[in-house]
Amino acid sequence: MVKYGYVRKEGSQFRSKQNQQQPDSRITVRMATLDFKALTAPVGILRILEVIFTCITFSLVASVGHTTDSFWTWCMFSWCFCFCVTILTLVLEFTSLSSKLPISWDDFTTSFAMLATLMVLTASILYSIFFTCASCGRQIAACVLSFLTFILYAVEIGLTRAKPGEISGFLSTVPGLLKVLEAFVACVIFICLYYINYTLYPGLQWCVAVYSICFIFALLIILLTIGRLLSRFPAPFNKVLIVCNVLAVLMYITAAVIWPFYCFRNIPRPSYCPVNCGWNLLVVISFMTFFNLIAYIVDTVYSFKLVFFPTET
């Protein structure tokens, strides 16, 4: 590490000592330490490409024109949000300020990579379906770059995820990544519910309550983990997690049965039903309900395995 300061008559001696030091990738300038490995490491290179690709993507989309459609707004928000957080992550790691933050940095970066992967994938699919045509050159280019960005974030998950037997934060493990997935799927359900009048039947209200309760629990776990507050939990966290996962599975089973029963009973698909019509949104919610049910089942099984059948290293 090379430190720069004020040198008087000892300048020649200081330079001779400096030349004897081994080269280091970090340079300390007053209060900040510049860590060049944060940019040259594989994860750093991936993040630089993510910043470039997301910037080009939302620039191409913005150059086409603005629309008030909610799907367009979601796509633009996803690209801009991922761009801002990724470049903030690069700056904090390059200046070594990430180690001074009162949060679990590894958990934060891993959970964000998972969230960004899901957001960019959703934005890529939505923009391809609703805003791209055969003669739309800039839109097609934006979709291609968006899908490439999704691949970059997915690779980042593979590089930052904790390996079996490795000591790390909860969100770096498979159950932690599943918590991010479960919360994101619930957000997709909530977006679709905005267009659905679910207050007509008590059964549909129960399903919305299931989505909300499980989402709040998943979000609470994510925030407690990033804030390093799990150690202050008054009960064994692993056991509580298993109990809550089992309850979530049972609740989602009821929702997976009740929601299609009330939504599709004696209600055929309309003769004219575009992609974003209400009947199709009901199908999307049903699919996401079953998808989240599978995620919670896998989460529960994996948590059981980690608690009761730990891997010996």
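Predicted model: local features only at pLDDT ≥ 70, side-chain atom pairs only at ≥ 80, totals over all residues.
**Helix H3**

H3 runs over residues 42-64. Its 23 residues, at 1.5 Å a residue, should span 33 Å. The end C-alpha atoms are 33 Å apart, so expectation and model agree.

Val43, Gly44, Leu46 and Arg47 are among them. Further along, Glu50, Val51, Phe53 and Thr54 are buried. Thr57, Phe58, Leu60 and Val61 are buried too. An α-helix has 3.6 residues a turn, so residues three or four places apart point the same way.

What do the buried residues of H3 pack against? Their partners are helix H2 (37-40), helix H4 (70-94), helix H5 (105-130) and helix H6 (137-160). Just after H3 comes Gly65, with a positive phi of about 140°.

**Helix H6**

H6 has 24 residues, which should span 34 Å at 1.5 Å a residue. Its end C-alpha atoms lie 35 Å apart, which agrees.

The buried residues of H6 include Gln139, Ala142, Cys143, Leu145 and Ser146. Thr149, Leu152, Tyr153, Glu156, Ile157 and Thr160 are also on that list. The buried residues of H6 pack against H3, H4, H5 and helix H7 (174-193).

**Cysteines**

How many disulfides does the structure hold? It holds one. A disulfide is a covalent bond between the sulfur atoms of two cysteines. Here the bond joins Cys133 to Cys136, with an S to S distance of 1.9 Å. The link of Cys133 and Cys136 is right-handed, with 80° about the S-S bond.

Cys133 counts as partly exposed because its relative accessibility is 33%. Cys136, with a relative accessible area of 13%, is buried. The cut-off for buried is under 20%.

Cys75 is in no disulfide. Its nearest cysteine sulfur is that of Cys143, 8.4 Å away. Cys143 is one of the buried residues of H6. Cys75 is itself buried, at 0% relative accessible area.

A disulfide needs sulfur atoms within 2.5 Å. Cys263 counts as buried, at 5% relative accessibility.

| Cysteine | Relative accessibility | Class |
|---|---|---|
| Cys133 | 33% | partly exposed |
| Cys136 | 13% | buried |
| Cys75 | 0% | buried |
| Cys263 | 5% | buried |

Definitions and conventions. Residues numbered from 1 in each chain as written. Heavy atoms only, no water. Helix = DSSP H or I, 4+ residues; strand = E, 2+ residues; numbered from the N terminus. Expected span 1.5 Å × (residues − 1). Buried < 20%, exposed > 50% of the residue type's maximum accessible area, 1.4 Å probe, protein only. Contact = heavy atoms within 4.5 Å.
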